[in-house]
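Hi everyone, thanks for coming. Please have a look at the structure on the screen, and we'll walk through a few parts of it together.

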Amino acid sequence: MRRRVAKLAEMQSKAPDVYSQVMAESRALPNTEAMLWKIEKPGLAPSYLFGTMHLSDPRVATLSPAVKDAIAHSKSVTLEVADLSDKAVAAAMAKAAALIVYTNGKSLKGALSDDEYRDVQKIVAKSGMPGELAAMMKPWLVSMLLATSDCERQQLAAGKTVLDLQVAAEAQKAGIEITGLETIEDQLSALAAVPDDQQIAMLKVGLKYIDRADDMTETLVQMYAKRQIGAAMPFQLALAAQTGTSPSAFDGFKKTLLIDRNAKMRNAALPILDKGSAFIAVGALHLPGPTGLVALLRESGFTVTAVE
């Protein structure tokens with residue numbers, strides 16, 4: 001496997017002005033300095049909020065002593081989804097076929113150039129499905145397949161688990177019940193709710209970097225490890241701009257997958273936090289910013305402080 005190169009570091013050397021803008025936007029975003037946060041309210045035992053990355057790289061998927069201690073002292077552990085087993089995901093996808101594939105006669109093939117569509121077929125085939133299925137797939141699903149690097153596939157095939165499942169395993173080891181803020185169907189609905197034209201525009205951006213999937217994953221790993229997760233969205237928009245794609249192509253993603261879901265997650269988390277001694281783990285992108293979970297929980301009357 002070739003050496004992976006973080007695209008953000010590459011941007012720093014090849015496009016320093018763009019890099020400076022990305023990092024300036026990252027620094028301006030509040031609540032990016034930690035992945036583990038302590039949540040307190042008078043009369044309640046402390047709870048914790050933990051930002052995860054859905055990756056198996058050991059630099060991400062290794063629980064720190066502070067995280068393990070927080071889990072050990074919790075009475076409940078809540079993930080985005082309680083059951084992320086292959087069986088549960090397959091069952092949810094079977095029930096929600098209309099969110100995953102076109103059922104109205106539309107075809108992804110007609111929305112892409114011949115070269116783009118051939119690349120999509122390769123991505124689908126690499127994921128273990130017949131390439132002919134590509135025409136039926138919604139763009140968001142192909143984008144997710146595209147985002148899974150060869151290196152990540154190899155690590156998963158070798159039995160490594162993503163960070164979220166490491167949290168679940170630690171909870172199970174301690175005999176703590178695991179619950180979910182969402183269902184898999186909720187997540188599929190949110191992904192499918194992004195306007196179709198924006199899904200296609202985002203897919204086209206991803207296809208421009210099809211040969212750099214390992215590098216994109218390396219970039220995310222380093223952002224997470226260095227607590228630079230606030231750079232994730234500005235970085236993505238900068239890459240899109242380099243392909244001539246307007247930032248507005250990501251408006252639906254930001255509203256549906258982040259802003260709206262953050263509010264729903266906060267609402268689902270409140271009754272859990274009101275019992276105290278809770279450990280809640282969600283994707284790291286749901287934590288920062290004025291509409292992130294850290295800010296929303298503070299608005300709901302909790303004191304939220306960075307731990308690490």
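How are helix 10 and helix 14 oriented to each other: parallel, antiparallel, perpendicular or oblique? Before I answer, please keep in mind that this is a predicted model. Helix 10, residues 184-193, packs against helix 14, residues 251-273, at an angle of about 130 degrees. Angles over 145 degrees would count as roughly antiparallel and 65 to 115 as roughly perpendicular, so these two helices are oblique to each other. Their axes are 9 Å apart.

Who meets whom there? From helix 10 we have Gln187, Ala190, Leu191 and Ala193, and they meet Thr256, Leu257 and Arg261 in helix 14. Four of the residues in this contact are nonpolar, two are polar and one is charged.

Now, let's go inside. In soluble globular proteins, nonpolar side chains tend to be buried together. Here the largest nonpolar core has 48 residues, and Phe50, Val167 and Phe279 touch the most other members. Helix 13, residues 232-242, gives the most to this core, with seven residues. There is also a second, separate core of 31 residues, and Leu257 is one of its members.

My last stop is serine 74, in the loop between helix 3 and strand 3. Is serine 74 buried or exposed? Its relative accessibility is 7%, so serine 74 counts as buried. Among the residues that serine 74 touches are Ile176 and Phe279. A polar atom of the serine 74 side chain also lies 2.6 Å from the backbone oxygen of alanine 70. And although serine 74 and glycine 276 are 202 residues apart along the chain, their C-alpha atoms are separated by 8.3 Å.

Conventions. Residues numbered from 1 in each chain as written. Predicted model: local features only at pLDDT ≥ 70, side-chain atom pairs only at ≥ 80, totals over all residues. Heavy atoms only, no water. Axes fitted to C-alpha atoms, helices over the stretch in contact; angles between N-to-C directions. Helix = DSSP H or I, 4+ residues; strand = E, 2+ residues; numbered from the N terminus. Parallel < 35°, antiparallel > 145°, perpendicular 65-115°, else oblique. Contact = heavy atoms within 4.5 Å. Nonpolar A, V, L, I, M, F, W, Y, C, P; charged D, E, K, R; others polar. Core = buried A, V, L, I, M, F, W, Y, C linked by side-chain atoms within 4.5 Å. Buried < 20%, exposed > 50% of the residue type's maximum accessible area, 1.4 Å probe, protein only. Polar contact = N/O pair within 3.5 Å; in protein donor to acceptor, adjacent residues only side chain to side chain. Lists of a residue's contacts leave out its neighbours within four places in sequence.
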